Amino acid sequence: MTAMLERTATRLHQPVGLASRACLLLAAVLVVTAHFFPLWNLTMFAPQYPDALRLDIFDHALVGGNGGQDLKEINLLNHYIGMRDLAVEDFTEFKWMPFALGGLALLFARAAVFGTLKELVDAVVMFFYFGGFSLWTFGYKMYRYGHDLSPSAAVKVPGFTPPMFGHKAIANFDVYSFPQAGTYLMISVAVLLVVAFVLAWRRTGRPAGRAPRKVDLELTAT
Amino acid sequence: MKRLWNARLSTWLAAGAGVLLLIGYSACSPSAPPSSSRGGGTSDIANAAQRTYVAPGDLDEYYVFASGGHSGNVYVYGIPSMRHLSTIPVFSPYPATGYGFDDDSKKMLGGLTWGDAHHPALSETAGDYDGRWLFINEMNGRVARIDLRDFKTKQIYGPVPNISGNHGSSFITPNSEYVMVASRFSIPIPKGTYAPIDKYATDYKGVIGALKIDATTGNLDLGFQILMPPFDYDIGDAGKLTSDGWMFLTAYNAERATGKLEVTASQRDRDYIAAVDWRAAEKAAAQGLGEMIGGVRVLDPAKVPGLVYLMPCGKSPHGVAVSPDGKYIIGSGKLQGVTTAFNFEKVQTAIRNKDFDGSEDGIPVLKYESIKDAEVEVGLGPLHTQFGPDGMAYTSLFVDSAIASWKLGEWKVIDKVPVSYAVGHLAAAEGDTVNPDGNYLISLNKLSHGRHLNVGPSQPESSQLIDIGDEKMKILYDAFTEPEPHYAQIVKADKLKPIEVYPKEENKHPLAIWDVKDAGVTRVGNKVTVKIVAVRSTLTPTSFEVQEGDIVTVAVTNIEQTTDELHGFGLLDYNINLVVDPGETKTVTFTAKKGVFPYYCTNFCSALHQEMQGYLIVKPR
């Protein structure tokens, strides 16, 4: 057991190779890029809204379609059922998410520069923790907004949760909810991290004395 | 026997006479001529149905801006469906949009509650509609400007000094420099001057004026005026391209008659078209020539020669139209069977050669024979002419109740289509610009004579859509338009770019508020200001209290930015109804009388529209 832990510790301190470092650097860039794209979009059709009401969710903001007007309209309609206004200042996520994305980018860059498996593992763990937590908080917020309805609302509706993914009919609205470019960038980051880890794992797990494969030679030579 | 024979003969004669009478009777009661029944067969109906059908949700190709005559409104229709899309109130209050009830529009109406709107004119750039503004005149001597960004009346200018019965208006110059105004009822000027009716020929004055249009805002301002003989100035059209710089206005009553004008003003064989060199007049006014009368610079052509020439025209002319290339001036005497095409080049030559035939109050009269190119035998009662592409011209025939098509240069009638009935103006698609579209023409008829479900003696007007795509004109649609279409402008829909809401950032109203927290009452002495927020589905504050005798100004801001979310503010027992568009602020001022008065949203807005109400509570002193 101790031997295994020792072996792992040794392995964690081994360099990950250039391919993994490149993946990490690219991931750092993509994580920053994701800040500039919407993560999620909700589009709501109703007979009175043939052009739909649109809401883009960024890591730092809620942006309504039609020059921001759609968000006001969504809030206006929601006041009839006693839902709180979707206000940017009510979301702590919009403060910590850009900060966390920046932190992740730095973590990836650090791993790329220091280049040992240890830093790579930190990056992977932190990213998946961040991703998981973000999805949970998104879902939880959706649930809370749909359930914390004012008891004095003009129109009483049972609590509901807007869809996280796909279509849901809510009263006269057909609501569609899908991930957007920002989320796809984050998925790409996840893929890059997994690739970086697999490459690094295979490289560091090579028995001592075995000649590096051709590809490793080339990468280490540069 | 002889007596019997005689009796038989008389019986036979009587019977024969009876037969003749029957024949005669049947000969004297023919069935209606084919022209007054629909005719044409099923394929035409199918064609007409297809051409005019605009499916639910689909849009029309053209806007029609039709004068609403003495209703004081402008009506907006779509072509080819001829659906009534909207009413733009101009000279009359219109509760449906709250026009004439809020402080600003009430002030703009200036205490008048009607105006006889006549000739809408779309603003032009280089002789083509530019989709910025629509001007329209009325008989009390005013001209209004409608902004086509929001389809709202923005300015009512006038009554213009010295102009009396502003019928010869609001014809516009090709680059929207000026809108013309002109007197139909000559009076002694300035207004307020006395002169007995038997001094009509000398002491009464006709006036032709030009209102300056601000190039950026479109605002109207006093330009200059020209003193004219006391004729009745009727209809005008601006020269374009080769004739740019000139304005042509018909004038009847060259007799300078008074009394029973239908007789006294119809004695001479010719009346006039006044050709005004408006650029020369503009220059003369800028040089300070002429004199100030009634607060405006008035040029007397007897003292400042070269401004106006009179073109003899067929008896009692109504319409005048300049061809798209600017080469021909088409004038029709309504008591003649021909329309005359004057050649602008010949007019210029005659002026250069002083080819005159006398003068009227110092204004040279050009020789008819020297300036006319052709007389087109269009039919009886020719009034107005509009144009299509390739030199096509269309003349309305009031007496014939038809529209004749003919070609510039060929001067021969190509086709005639009967209309129902008694057409006055006609409007072709962009038919008074340098680039007429063809395709469609509307016959604006004075009588509809039961071509509709009977709605009692107050019969609707009729506007017929006519296909002018081919040589053979085809009636496509009977629309029963609001009274009374004097003239219309037809513009391609894509030339207009109207907004759907007033952007919040553009609202600079000093009493505008955007948050219910700012709503409420402020008082200075007995002057009370109430700021109200209108948004689905509450008018905030939902009640407010003032003192009897307070001067109350209510300012309602509709903070919506959503299309079609209008809100009203109807205050019972006060004759107040505001309608506030999204992003707009309107005010109304009134003196409080004691009691409790409900106010509510008059313009249906939402599922809880009925709940959008409140109370004005007025404490007795």
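How many strands form the open sheet with the order 27-28-29-30 in chain B, and is the pairing parallel or antiparallel? There are 4 strands in that sheet, and the pairing is antiparallel.

Residues are numbered from 1 along each chain as its sequence is written, while chains are lettered from A and ligands numbered from 1 in the order in which they are written.

Confidence comes next. The score is pLDDT, the predictor's confidence in each residue, from 0 to 100. Chain A has a mean pLDDT of 90, with 92% of its residues at 70 or more. Within chain A, helix 2, residues 18-33, has the highest confidence at 96, and helix 7, residues 214-221, has the lowest at a mean of 49. Where pLDDT is low, the predicted coordinates should not be read in detail.

Now the helices of chain A. Helices here are DSSP runs of H or I with at least four residues, strands are runs of E with at least two, and both are numbered from the N terminus. Axes are lines fitted to C-alpha atoms, for helices over the stretch in contact, and angles run from 0 to 180 degrees between N-to-C directions.

Start with helix 2 and helix 4 of chain A, whose axes come within 8 Å and cross at roughly 165°. The two are therefore roughly antiparallel to each other; the word applies to angles over 145 degrees, with under 35 roughly parallel, 65 to 115 roughly perpendicular and the rest oblique. Their crossing is left-handed, meaning that the near helix is turned anticlockwise from the far one by less than a right angle, with clockwise being right-handed. Residues from helix 2 of chain A in this contact include A:Arg21, A:Leu24 and A:Val31, and those from helix 4 of chain A include A:Leu101, A:Leu104 and A:Phe108. Contact means that the C-beta atoms of two residues, placed from the backbone, lie within 7 Å. By class, the contact of helix 2 with helix 4 of chain A has 13 nonpolar, no polar and 1 charged. Ala, Val, Leu, Ile, Met, Phe, Trp, Tyr, Cys and Pro count as nonpolar, Asp, Glu, Lys and Arg as charged, and the others, Gly among them, as polar.

Helix 4, residues 93-114, also meets helix 5 of chain A: the axes come within 9 Å and cross at roughly 160°. That makes helix 4 of chain A roughly antiparallel to helix 5 of chain A. This crossing of helix 4 and helix 5 of chain A is left-handed as well. Among the residues in contact are A:Leu104 and A:Phe108 of helix 4 of chain A, and A:Leu120 and A:Phe127 of helix 5 of chain A. The classes in this contact of helix 4 with helix 5 of chain A are 12 nonpolar, 2 polar and 4 charged residues.

Helix 5, residues 117-147, has its axis within 10 Å of that of helix 6, residues 181-204, of chain A, and they cross at roughly 150°. Helix 5 and helix 6 of chain A are therefore roughly antiparallel to each other. Their contact includes A:Leu120 and A:Phe127 of helix 5 of chain A, and A:Val189 and A:Leu193 of helix 6 of chain A. It has 12 nonpolar, 2 polar and no charged residues.

Back to chain B. Two strands pair if DSSP finds at least two bridges between them. In the sheet I opened with, strand 27 (423-428) and strand 30 (474-479) of chain B are the edge strands, each pairing on one side only. Neighbouring strands are turned by 25° against each other on average, direction ignored. Strand 27 of chain B is joined to strand 28, residues 440-445, by 4 bridges, and B:Leu426 has B:Ser443 of strand 28 as its bridge partner.

Another open sheet in chain B has 5 strands, ordered 8-9-10-15-14, with mixed pairing. Strand 8 (178-182) and strand 14 (291-293) of chain B stand at its edges with a single partner strand each, so one side of each is left without a neighbour in the sheet. Inside this sheet, strand 9 (residues 206-213) and strand 10 (residues 220-228) of chain B pair in the antiparallel sense over 8 bridges.

Note on methods
Predicted model: local features only at pLDDT ≥ 70, side-chain atom pairs only at ≥ 80, totals over all residues.
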